[in-house]
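Biologist: I'd like to learn how to read a protein model. Could you take me through one, feature by feature?

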Amino acid sequence: MRSELDALKGERTGHVKLASMDSLFVDFLPASIEEFSQVYPAVTYTVASFGPMEVLPQLQSGRFDIGMTFVGRLPAGIETVALAALPTGVVMAAGHPLAAKAAVSLADCARQPFLRSLGQPPIDRSMSREFAQFWDELEPVVTCNWTTMVKRLIIAGKGISFFSKIAFIEELRRGDVVWRPFDIAELNALQVGILLPSHRALPHVAQTFVARLVRQLKQLEAVAATL
C-alpha cells in the first residue's frame, strides 16, 4: 500500500491540458501557471492557443481537459464552471477619433483600417448575425495570428481591432490604448468561461488548477471593469 507521503506526492503531480483563446496567453495564463507551479512544481502542462470558436471542439475531442473561451450555447457533455463579463470590443490607440464615442457601431469600424487577429471571427454566427456578416465583408490591412504583433500595430496607430480587454490590461492602465464597447447588445453580453467535460472526472491536480483559474478569472473581471 502507498504511504501517506506517496499519496500526498501523487496529489501534487500530474498533467494539465488546457485549450484557450489566444488573448488569455498574453498575461492571464502565464501568470496562472507561474503561481500554481510555486505550490505544485512537479506538475506539467500542455497549453494550446486556438481561435475562440476552435476551443470547444478541442474539448469535445478529449485532447484537452479544460477550455477557456467566449461562451454561447453549449452542447451536451460540456459544462461551465465560471463566467466573467469580458466582452469583445474595439481597441484603438490613445487619441483615436473613435475614442470619443461611448459605444462604437460597425459602420464606424468600416471606415477605419482594420487589424485582424487570426482569420476567423471571434464569436460564433449564432451569437450575432450582424457581426458575422460584417466580419465576412471586412478587408483588413493586416491579418496576423499573433496577438503581440497586432497589439504593437494598434499602439502605433496603424488600425483598430476587436478584442476583449483581457489582452490589453497593462496597455489600458498606461493609457496606450482605448477600449470601447460595441453598440450591439449581443456583443456586450458576451462572457468568457472556463469549460470542462461533464462526462469525465479530472485528475485531482487539474481540479485544483481549475479552482485557481476560477478565482483568477473573477479577479480579472473585477480589474477589467475599472479600465
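Modeller: Let's go from confidence to overall form, and then to a few residues.

Modeller: This is a predicted model, in which local features need pLDDT of at least 70 and side-chain atom pairs count only at pLDDT 80 or more, while totals for chains, interfaces and linings use all residues. Residues are numbered from 1 along each chain as its sequence is written, and side-chain values use heavy atoms, with hydrogens and water left out.

Biologist: What is the mean pLDDT of the chain?

Modeller: pLDDT is the predictor's confidence in each residue, from 0 to 100. Here the chain has a mean of 90, and 95% of its residues reach 70 or more.

Biologist: Which elements have the lowest and the highest mean pLDDT?

Modeller: Helix α1 (residues 4-11) has the lowest, at 43, and strand β9 (residues 177-180) the highest, at 98. Over residues 1-10 the pLDDT is below 50, and this stretch has two contacts in the model beyond near neighbours in sequence; contact means heavy atoms within 4.5 Å. Where pLDDT is low, the predicted coordinates should not be read in detail.

Biologist: How many helices and strands does the chain have?

Modeller: Helices (H or I, at least four residues) and strands (E, at least two) are DSSP runs, numbered from the N terminus. This chain has nine helices and ten strands. Its radius of gyration is 19 Å, close to the 17 Å that the globule rule gives for 227 residues, so the chain is as compact as a globular protein of that length. That radius is taken over C-alpha atoms, and the rule is 2.2 Å times the number of residues to the power 0.38.

Biologist: What share of the contacts joins residues 24 or more positions apart?

Modeller: Such pairs account for 78% of the contacts with a separation of 6 or more.

Biologist: And what share of the residues is buried?

Modeller: Buried means under 20% relative accessible area, exposed over 50%, and partly exposed in between (1.4 Å probe, protein chains only). In this chain, 47% of the 227 residues are buried.

Biologist: Where is T208 found, then?

Modeller: T208 belongs to helix α9 (residues 204-224). With a relative accessible area of 17%, T208 is buried too. Not counting residues up to four places away in sequence, T208 touches F36 and Y40.

Biologist: Is L59 buried or exposed?

Modeller: L59 counts as buried, at 1% relative accessibility. It lies in helix α3 (residues 55-61). Its contacts, apart from neighbours within four places in sequence, include F64, I78, L195 and P197.

Biologist: What about A201: buried or exposed?

Modeller: A201 counts as exposed, since its relative accessibility is 72%. You'll find A201 in the loop between β10 (192-197) and α9.
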